[in-house]
Amino acid sequence: MEYEAVIGLEVHAQLLTDSKIFCGCSTKFGGEPNTQTCPVCLGMPGVLPVLNRKVVEYALRTAVALNCAIAEKSVFARKNYFYPDLPKGYQISMFERPLAEHGWIELELAGGKKRIGITRIHMEEDAGKLVHSGEFARADYSYVDLNRTGVPLMEIVSEPDLRAPEEAAEYMRQLRSILVYLGVCDGNMQEGSLRCDANVSVMPKGSTKFGTRAELKNMNSFRNVQRALEYEIVRQKKVIESGGEVIQETRLWDDEMGKTGGMRGKEDAHDYRYLPDPDLIPLKVDEDWIGQIRQSLPELPGRKKGRFVLQYNIPEYDAGVLTQDQGLAEYFEAVIKAGAASKWASNWMMGELMRELNEQNKSAGDCPVKPEELAGLYRLIEKGAISSKIAKNVFLEMFRNGKSAEQVVREQGLTQVSDDSVIRKMIEEAIAENPKQLAEYLSGKDKMSGFFVGQVMKKSQGKANPQMVNQILAEALKKLKEGK
Amino acid sequence: MKISRKEVEYVAHLARLKLSEDEADKFTAQMGQILSYFEKLTELNTEGIEPTSHSVPMVNAFREDLVKPSLLVEDALANAPDKEGNFFKVPKIIE
């Protein structure tokens, strides 16, 4: 039987505030254990949490960008459970009355556009960290660091609208791109500032009744989200086909083993006994506030992409690549403003520039070749001073040593040879030096002309103007053939 | 009975409370009485009334996003039943 997967994602994004959600402790990553705590985030008796306004603003920005209906009134709730990373015995979250609901995000998939529903967005506090590694790997205790307790998180829950692991990965890419554009999250999955859990089930293709789902955790990259889902879908199909039943459980992705496994000894079924948190008064968001937020939003990747296609006349694919990262998009527009042709700029950036940036793990913002300098390289090619091939080497030199295109060309004597007589001379030499190949050409092997082009380029160390070489060589060979 | 002994034991477990046999019996009876008492409220007509989550009619108390000094580690750990170095120390938890 053919099966279809049903996937919904729960994403936790750490919000880029300086202080925690309910107290003034720093959110800075990597501090000495337990140096960023206070009575509020330690859950001491008698303290009162007070909501960080910026957390609400960031969550609202996201809610507006994801086309959500924002609740006029929302309420924080206590989610009760005992675990040592949570000193109060409950996590402050939202339950019955989240900040926003009913949004959507549009994906561009191979088969066309697809809208994925956003069920809800709410704010909550992060829990602390249990350390079992390093010197504590074999200890009989867990070591608790509460620096992260109270760091603001935003949870974004999707509808079960995703039907394949690639769709889930694309959803994550789109969502990440939007969050980074909005400036609300740094989007770093490796460091855990963007986390993703997935609910996945399988059902016979065409069915409308979802199967029993498993919840997958511990996937810290786009690739792992996709791999974990791929593995889990195959696993569930096998269970069903062998007459078994999928059980509802939480499974952890093991990156090294490349598989998911059930979490052992997971205590009782979750019974969180949510209740409205009496310490925090309700949050009211009026139309004015939403209007201000709407005004302050940047141009988001989807819209920017559409504009790039129209304004710069580049293919959709190129526009998609260039707008996925805000810095890259800004760089592109700066290169064009500095005088480069859009198609050239987009090709060059997607090829040479992005390769070098990726290799050096740099972002467009700290690219050693500034947009104006890249446009300078374009001008040299445009006026025929260097060939495109040589330009690639010039670019590498610019990237590595921070020199301008003109400087590299001057220092290395790379200026293109466009002198008719010089090129003619090199062609004559090439023909004279290779009588065997000439004979082959004259006996009808037209392809041999390519060999002579190669010879001339070699002689000129790549500097001969290729168009001129082609043209003059064709004439010379033609003459020889006719004179035969 | 409004609540079974089993439910009382379940709730006690969620709250990590250990009840003796006698206590479980006693609390089952007491909680049953409390629930019966609260049941009176259902006699009221609450049609069209929004559930009350807070008794004070107030909304939106914010703080600005400013970092304030945290506690010294010694102070943060001062009341911990067990600690080591900068850490709180608890019985091993395996996820």
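**View 1. The largest nonpolar core of the predicted model.** Of the 111 residues in the largest nonpolar core, those that touch the most other members are M123(A), I156(A), Y171(A), L374(A) and L377(A). A nonpolar core is here a set of buried Ala, Val, Leu, Ile, Met, Phe, Trp, Tyr and Cys residues joined through side-chain atoms within 4.5 Å, where buried means under 20% relative accessible area, exposed over 50% and partly exposed in between, with a 1.4 Å probe and protein chains only. Because domain 1 (3–292) and domain 2 (299–412) of chain A both give residues to this core, it lies between them. This is a predicted model, in which local features need pLDDT of at least 70 and side-chain atom pairs count only at pLDDT 80 or more, while totals for chains, interfaces and linings use all residues. Residues are numbered from 1 along each chain as its sequence is written, chains are lettered from A and ligands numbered from 1 in the order in which they are written, and side-chain values use heavy atoms, with hydrogens and water left out.

View 2. Leaving aside neighbours within four places in sequence, Y171(A) is in contact (heavy atoms within 4.5 Å) with L9(A), V11(A), I105(A), L107(A), I116(A), I118(A), I156(A), S158(A) and L162(A). A second, separate core has 18 residues, among them I423(A), L438(A), Y441(A) and M468(A).

**View 3. Helices α13 and α14 of chain A.** The axes of α13 (residues 435–442) and α14 (residues 448–459) come within 9 Å and cross at roughly 145°; axes are lines fitted to C-alpha atoms, for helices over the stretch in contact, and angles run from 0 to 180 degrees between N-to-C directions. Helices (H or I, at least four residues) and strands (E, at least two) are DSSP runs, numbered from the N terminus. On the α13(A) side, Q437(A), L438(A), E440(A) and Y441(A) meet M448(A), S449(A), F451(A) and F452(A) of α14(A). The residues of this contact divide into five nonpolar, two polar and one charged, with Ala, Val, Leu, Ile, Met, Phe, Trp, Tyr, Cys and Pro counted as nonpolar, Asp, Glu, Lys and Arg as charged, and the others, Gly among them, as polar.

View 4. Four strands form an open, antiparallel sheet in the order β9(A)-β10(A)-β3(B)-β2(B), two strands being paired if DSSP finds at least two bridges between them. The edge strands, each pairing on one side only, are β9 (129–131) of chain A and β2 (83–84) of chain B. Four bridges join β10 (residues 141–145) of chain A to β3 (residues 87–91) of chain B, and Y141(A) stands opposite P91(B) in β3(B).

**View 5. The loop residue V151(A).** V151(A) is placed in the loop between β10 and β11 (152–158) of chain A, and it counts as buried because its relative accessibility is 2%. Not counting residues up to four places away in sequence, V151(A) touches Q14(A), K20(A), T27(A), E124(A), E125(A) and D126(A).

**View 6. E215(A) in the nine-stranded sheet of chain A.** Nine strands form an open sheet of mixed pairing in the order β3-β7-β8-β11-β1-β12-β13-β14-β15, with β3 (69–70) and β15 (259–262) as its edge strands. E215(A) lies in β13 (residues 214–219) and is buried, with a relative accessible area of 19%. Strand β12 (residues 194–204) pairs with β13(A) in the antiparallel sense over four bridges, and A198(A) stands opposite L216(A).

Definitions and conventions. Domain bounds come from an automatic or database domain assignment.
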